[in-house]
Amino acid sequence: MLGGARLAGAVPVAGAKNSALKLMAAALLAPGTTLLERVPAILDVEIMAELLRRLGADVAGTGPGQLRIEVPQQIGHQADYDLVRRMRASISVLGPLVARVGRAQVALPGGDAIGSRGVDLHLAGLEQLGATLAHEHGYIVARAPRGLAGANIWLDFPSVGATENLLMAAVLARGTTVIDNAAREPEICDLAQMLSAMGAKIDGVGTSTLEVIGVDHLEPTHHTTVADRIVAGTWAIGAVMTHGDITVLGAVPAHLELVLDKLTQAGADVDRVGGTGGTDGPDGPDTGFRVRMAHRPRAVDVVTLPWPGFPTDLQPMVIALNSVAEGAAMVTENVFESRFMFVNEMVRLGASIRTDGHHAVVRGQSRLSGAPVRATDIRAGAGLVLAGLVADGVTTVGQAFHVDRGYPGFDAQLRELGADVRRVPDPYEVGQE
Ligand code: UD1
């Protein structure tokens, strides 16, 4: 891509990757036909569809963003390593499978580029619900031949994945489960809403204490995925970095309050759009927000934390922003310990960043300088793309397949907003993750 772009125009956001994958796993809980809307067109959705097919489900796209999942009465119980290693979110079938089949065998995902990402909290919680667990040949084998039983579970950390897995297990357990210190991300609320529509009894949605009264069986439902707040936030930061003017449509401003507030502190004008009258609901296609920036942004300190804190998934973009801002800022990463690995790629573009443990001090530069860099994960890739948009000359982001995993049609959308971006063959591309 060529630097010097000013991003301007309107851009729609699709459903959240981090929600859609869990909603697909939740479909396993009810035999019959589940319909999901606003599913993003990304590789991870295809991987999850393949995983569900191997478990016996029939998964088909029935229109733009629409997925029909037919789940038979009898389903399998195994998630193979070849799929789990390509997509960590595969672990989210663990809870639904033990709950529904009384047995699950899911490959351990292993580490990745942003941290060790354990699953100990998922496993400890399932044990408390009465499953017996074993590690066998790289697989987690969970057994609950007589079903799961409600329990009081305290999570050491409000893990998104563990909360989701335990929620999906608890809805079919006998009796009451309380998950304390639960994660409360909007994607968790989205999942809880779908489960409730399926007949689950869940209290405390949106708080850190979830109370679940188990039911005998669930019915399939028709559900629309929540908007992707991380993609929406990426556009917002892109508008600020490029002194642009972007209207993000379909986004829920309330899911980005802290992020938009930081951008206001950086000097941007942020306004909500739509949302009054009409029948589109809070995240209908005509509602969202507009971010305008007329001058060089001021540096902003950011601390990532579980919701409602600043999302770790937007940390690389905020580092990119601070790299070209006026002044210096401290970015603190509290969620994933290796999430500063991409910083060396930013430095290749001329950014001044010093990391010490989970802190990064970023000194804003008046210019960055285009270079070939490499995306190490989805969000790092998006951060590098934003930096490339404001760097002098040409920046090539290698391993762009990472970016595609979180941003459906990113390059086309960037072009529509005025950027000079092209997809070129990547000589280093290897099919991994
Ligand atoms: C999800 C999102 C990811 C996002 C993250 C935090 C998906 C596919 N991914 O990841 O994009 O960045 O939420 O909002 O939905 N941990 C443990 N043991 C566990 C579980 C987690 O130690 O059993 C640790 C992890 O190593 C990490 C932290 O807790 O340091 C957060 O992980 P978690 O909230 O579970 O994130 P994910 O669900 O993996």
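This is a predicted model: local features need pLDDT of at least 70, side-chain atom pairs count only at pLDDT 80 or more; totals for chains, interfaces and linings use all residues.
**Entry 1**

Four strands form an open sheet in the order 1-14-16-15, and the pairing is mixed. I noted that strand 1 and strand 15 (269-273) are the edge strands, each of them pairing on one side only. On average, neighbouring strands in this sheet are turned by 15 degrees against each other, with direction ignored.

Next I went through the pairs. Strand 1 (residues 8-12) and strand 14 run parallel and are joined by five bridges. I looked up one of the partners: alanine 8 has aspartate 245 of strand 14 as its bridge partner. Strand 14 also pairs with strand 16 (residues 288-292), in the antiparallel sense and over five bridges. Here I found that the bridge partner of threonine 247 is arginine 290 in strand 16. Strand 15 and strand 16 pair in the antiparallel sense, over five bridges. Aspartate 269 has arginine 292 of strand 16 as its bridge partner.

Is strand 14 mostly covered or mostly open? I find that strand 14 (residues 245-249) is mostly covered, with four of its five residues buried.

Helix 8 lies across strand 1, strand 14 and strand 16, and runs at about 20 degrees to strand 16.

Helix 8 also has a helix partner. I noted the general point before the values: two packed helices are described by the angle between their axes and the distance between the axes. For helix 8 (residues 229-241) and helix 12 (residues 378-390), the axes come within 10 Å and cross at roughly 20 degrees. Angles under 35 degrees count as roughly parallel, and helix 8 and helix 12 are therefore roughly parallel to each other. The crossing in which helix 8 passes helix 12 is right-handed.

Which residues make the contact? From helix 8 I list Ile230, Thr234, Ile237, Gly238 and Met241. From helix 12 I list Arg379, Ala382, Leu386, Ala387 and Val390. I sorted the residues of this contact by type: seven are nonpolar, two polar and one charged.

**Entry 1: leucine 417**

I looked up leucine 417 next, and found it in the segment after helix 14 (410-416). Leucine 417 has a relative accessible area of 3%. Buried means under 20%, so leucine 417 is buried.

What does leucine 417 touch, not counting residues up to four places away in sequence? I read off Arg6, Leu7, Ala8, Gly9, Ala10, Val11, Trp235 and Ile246. For one of these I also noted the distance. Leucine 417 and glycine 9 are 408 residues apart in sequence, but 5.5 Å apart in space, C-alpha to C-alpha.

Strand 18 (residues 328-332) pairs with strand 20 (residues 359-363) in the antiparallel sense, over five bridges. In this pair I looked up threonine 332, whose bridge partner in strand 20 is histidine 359.

Terms used: Residues are numbered from 1 along each chain as its sequence is written. Side-chain values use heavy atoms; hydrogens and water are left out. Axes are lines fitted to C-alpha atoms, for helices over the stretch in contact, and angles run from 0 to 180 degrees between N-to-C directions. Helices (H or I, at least four residues) and strands (E, at least two) are DSSP runs, numbered from the N terminus. Angles under 35 degrees count as roughly parallel, over 145 as roughly antiparallel, 65 to 115 as roughly perpendicular and the rest as oblique. A crossing is left-handed if the near helix is turned anticlockwise from the far one by less than a right angle, and right-handed if clockwise. Contact means heavy atoms within 4.5 Å. Ala, Val, Leu, Ile, Met, Phe, Trp, Tyr, Cys and Pro count as nonpolar, Asp, Glu, Lys and Arg as charged, and the others, Gly among them, as polar. Buried means under 20% relative accessible area, exposed over 50%, partly exposed in between (1.4 Å probe, protein chains only). Two strands pair if DSSP finds at least two bridges between them.
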